[in-house]
Amino acid sequence: TFTVASRGRTNDIVAKRNAVLVQEANKFNAMTFANLAGFTATNVTLTSGDFTYNRRVTITYNTSTRATIKIVITPSKDATRKDSVFVHRVNPPGSPLCVGC
């Protein structure tokens, strides 16, 4: 019984870490390329449900139209369990048919 309960708690924490990673990656995928340059909150503590974590973001511009975003998630309760995800963004070329895009 103890082993099953322990595995359940471990699975719960892993599921929360994975959900937060997906949520954070989606934030940066939804952000416009132009807004990446204005992003300044690189190291903050956030809470999602009952899961508190530290998020560190590093944005590296490979060229003027390509950026690599590294997101590192560290649970507040266990600083040894760091997870990371890379988001690669490309600034799409404008269209002459789209005025103001």
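Ser48 has its bridge partner in β2: Phe51. The model is predicted. The contact belongs to the pairing of β1 with strand β2 (residues 51–63), which runs in the antiparallel sense over six bridges.

**The sheet**

Strands of a sheet pair through backbone hydrogen bonds, either parallel or antiparallel. Here the pairing is antiparallel. Four strands make up an open sheet, ordered β1-β2-β3-β4. β1 (43–48) and β4 (83–90) stand at the edges. Each has a single partner strand, so one side of each is left without a neighbour in the sheet. From one strand to the next, the twist averages 30 degrees.

**Aromatic pairs**

The whole structure holds three aromatic pairs. Two of them are listed here, including their geometry.

| Pair | Centre to centre | Angle between planes | Class |
|---|---|---|---|
| Phe28 and Phe39 | 5.0 Å | 80 degrees | edge-to-face |
| Phe51 and Tyr53 | 5.8 Å | 20 degrees | stacked |

Take Phe28 and Phe39, the edge-to-face pair. Phe28 sits in helix α1 (residues 2–30). Phe39 sits in the loop between α2 (33–36) and β1. The pair therefore ties together parts that are 11 residues apart in sequence. Phe28 is buried, and Phe39 is buried too.

Now Phe51 and Tyr53. Their planes lie at 20 degrees, so the pair is stacked; the cut-off for that class is under 30 degrees. Both residues, Phe51 and Tyr53, are buried.

Conventions: Residues numbered from 1 in each chain as written. Predicted model: local features only at pLDDT ≥ 70, side-chain atom pairs only at ≥ 80, totals over all residues. Heavy atoms only, no water. Pairing = 2+ DSSP bridges. Helix = DSSP H or I, 4+ residues; strand = E, 2+ residues; numbered from the N terminus. Axes fitted to C-alpha atoms, helices over the stretch in contact; angles between N-to-C directions. Phe/Tyr/Trp six-rings, centres within 6.5 Å; stacked < 30°, edge-to-face > 60°. Buried < 20%, exposed > 50% of the residue type's maximum accessible area, 1.4 Å probe, protein only.
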